[in-house]
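Please take a first look at this structure.

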Amino acid sequence: MGDPKGFLKTARETPRRRPVDVRLTDWREVYEPFARERAERQAARCMDCGIPFCHNGCPLGNLIPEWNDLVYRSDWTAAAERLHATNNFPEFTGRLCPAPCESACVLGINAEPVTIKQVEVEIIDRAWASGAVVPVLPSAASGCSVAVVGSGPAGLAAAQQLTRAGHAVTVFERDDAPGGLLRYGIPEFKMEKRHLDRRLAQMSAEGTVFSCGAAVESAAQLDGFSAVVLAGGARVPRDLTVPGRELSGIYQAMEYLPPANRLGASSPVSAAGKHVVIIGGGDTGADCLGTAHRQGARSVTQLEIMPRPPRSRPESQPWPTYPMIYRVSSAHEEGGERVYAVSSEEFLPDAAGAVRALRLTEVAMSGGRFTPVPGTAREIGCELVLLAMGFTGAEKPGLLADLGVEFDARGNVARSASYETSVPGVFVAGDMGRGQSLIVWAIAEGRSAAACVDRYLRGLDRPALPVAIPPTARPLV
Ligand SMILES: Cc1cc2nc3c(=O)[nH]c(=O)nc-3n(C[C@H](O)[C@H](O)[C@H](O)COP(=O)(O)OP(=O)(O)OC[C@H]3O[C@@H](n4cnc5c(N)ncnc54)[C@H](O)[C@@H]3O)c2cc1C
Ligand code: SF4
């Protein structure tokens with residue numbers, strides 16, 4: 001522990017966001033740079049707890065007190081080494097993670113937690129800027145080959161671990177470029193794609209082969225590989241089956257965000273000049289909100305069936321859990337209205353068969369169900385509706401059906417304690433096995449599945465590579 005009084009002397013501080021009227025004119029990340037001395041002062045707030053609960057909040061088991069201490073001592077190079085010891089892609093989690101580690105930070109019991117996520121991103125950005133992040137080449141080739149299907153964070157983490165262990169890894173991606181949701185789901189204003197491209201260049205230099213525009217639809221396409229890692233995500237969206245759903249102008253979030261991420265304001269599905277309704281109050285909805293504002297929407301309303309959460313931890317979600325509280329993301333700060341405790345009842349058409357309004361009603365919980373509150377039905381005018389109500393699981397037709405893998409009770413690809421599916425030699429990692437989750441869990445699963453694949457290929461008793469989590473690990477609740 002560098003400074004035993006750091007947490008007493010220094011208040012929590014995070015970087016400022018660029019002014020709303022400025023950032024809405026571009027797609028760049030919203031945060032301003034954070035001075036090195038400020039990051040070092042923030043790291044000094046860490047108490048180096050005897051039992052660092054931050055570790056329990058993070059599925060990667062990040063060595064948080066160690067790198068906080070190193071940053072406090074200005075040893076940024078050693079901090080980056082400790083950071084990479086548990087996380088292949090800290091520049092992704094440092095920007096995009098909701099930081100369950102901070103919710104679990106001991107300082108958070110009676111004060112503001114350590115700015116763990118900010119320290120993380122400062123370490124890795126400085127490491128890249130100083131040229132310290134270089135390809136890590138395998139010491140010897142194993143003679144085994146591995147196919148990784150899907151290039152989201154789970155597939156990338158598995159591929160990097162396996163390539164570095166000496167296996168010949170090919171990543172198959174049906175999109176035109178690798179990254180999964182990191183590239184075509186998450187908007188540029190949350191993470192600029194240059195961070196992804198830089199990491200992909202490192203992986204290519206290490207020997208990972210990327211085959212893009214390559215949808216794997218049959219088991220035969222994987223013939224000849226010694227092992228397979230399925231990392232295709234959980235992309236089947238939850239739909240809203242109410243009257244009028246067939247009208248034009250109603251899109252799933254993942255029909256709207258990918259073209260916007262490719263083309264920005266010139267996307268064929270644009271919010272420019274439109275009244276927009278987003279159904280779903282979560283993070284995907286917030287990504288649609290920020291995108292719609294940048295495209296020039298006239299108004300944006302985000303609807304959520306749940307009541308508005310409290311501003312601080314409710315007693316039912318004590319430290320160190322990740323609480324459901326009212327959060328203001330950068331997209332919320334930029335405008336729009338959030339409406340809670342409402343249910344969408346019907347989409348109403350104009351003369352051309354396009355959506356012109358949504359009829360909704362307020363709801364209250366009664367007998368374990370949401371029930372309409374009489375007399376509260378009303379219409380909201382809208383020309384664009386975005387459905388952001390989550391995902392129900394992996395796409396079953398095609399590759400999964402042809403392989404014949406089994407599914408668990410929740411519809412995810414079933415796996416053993418070693419991430420192996422019901423088909424020998426075929427492993428699964430990330431949202432495809434876990435269900436819709438977070439980047440940090442996808443990386444943790446990719447690393448862990450890679451360790452199990454490496455053990456399988458080498459016939460070892462126990463994994464030689466690090467295992468972050470078992471497939472059954474769940475967030476603190
Ligand atoms: C809009 C949105 C925003 C999000 N924002 C955040 C955030 O800010 N922070 C956070 O922690 N989490 C966020 N998440 C969740 C997070 O992105 C996912 O949990 C994570 O990306 C899952 O990683 P994955 O590798 O399992 O799958 P994915 O990222 O979904 O990648 C799967 C890849 O597999 C490819 N694929 C699928 N089938 C095949 C096939 N048969 N052949 C070839 N390729 C195939 C797909 O094209 C895709 O590229 C967000 C999710 C969404 C939808
Ligand atoms: S729980 Fe918080 S204060 Fe304790 S070691 Fe982790 S980051 Fe530091």
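In what order do the five strands of the open sheet lie? The order is E6-E14-E7-E8-E9, and the pairing is parallel. The edges belong to strand E6 (250-252) and strand E9 (337-340), each of which pairs on one side only. From one strand to the next, the twist averages 20 degrees. This is a predicted model, so to speak of its features is to speak of a prediction.

**Strands and helices of the sheet**

Strand E8 covers residues 299-304 and runs parallel to E9, joined to E9 by four bridges. One pair of facing residues can be named here: Gln302 stands opposite Arg338 in E9.

Helix H13 spans residues 253-263 and touches E6 and strand E14 (384-387). The direction of H13 makes about 80 degrees with that of E6. Helix H14, residues 283-295, touches strand E7 (275-279), E8 and E14. The direction of H14 makes about 175 degrees with that of E8. The table sets out both helices.

| Helix | Residues | Strands touched | Angle |
|---|---|---|---|
| H13 | 253-263 | E6, E14 | about 80 degrees with E6 |
| H14 | 283-295 | E7, E8, E14 | about 175 degrees with E8 |

**Around ligand 2**

Which residues come closest to ligand 2? They are Cys46, Cys49, Pro52, Cys54 and Cys105, out of 15 residues that surround the ligand. Two helices, H4 (53-57) and H5 (64-72), each supply at least two residues of this shell. H5 gives the largest share, three residues.

**The whole protein**

The protein has 18 helices and 16 strands. Its C-alpha atoms fill a box of roughly 70 × 60 × 45 Å along the principal axes. How does the radius of gyration fit a compact globule, and why? With 477 residues, such a globule would have a radius near 23 Å; the protein has 23 Å, so the two agree.

Buried residues make up 44% of the 477 residues. Contacts also reach along the chain. Of those with a separation of 6 or more, 69% join residues 24 or more positions apart.

Definitions and conventions
Residues are numbered from 1 along each chain as its sequence is written. Chains are lettered from A and ligands numbered from 1 in the order in which they are written. This is a predicted model: local features need pLDDT of at least 70, side-chain atom pairs count only at pLDDT 80 or more; totals for chains, interfaces and linings use all residues. Two strands pair if DSSP finds at least two bridges between them. Axes are lines fitted to C-alpha atoms, for helices over the stretch in contact, and angles run from 0 to 180 degrees between N-to-C directions. Two residues are in contact if their C-beta atoms, placed from the backbone, lie within 7 Å. A residue is near a molecule or strand if its C-beta atom, placed from the backbone, lies within 6 Å of it. The radius of gyration is taken over C-alpha atoms; the globule rule is 2.2 Å times the number of residues to the power 0.38. A residue is buried if 20 or more other C-beta atoms lie within 10 Å of its own, exposed if 12 or fewer, and partly exposed in between; C-beta atoms are placed from the backbone.
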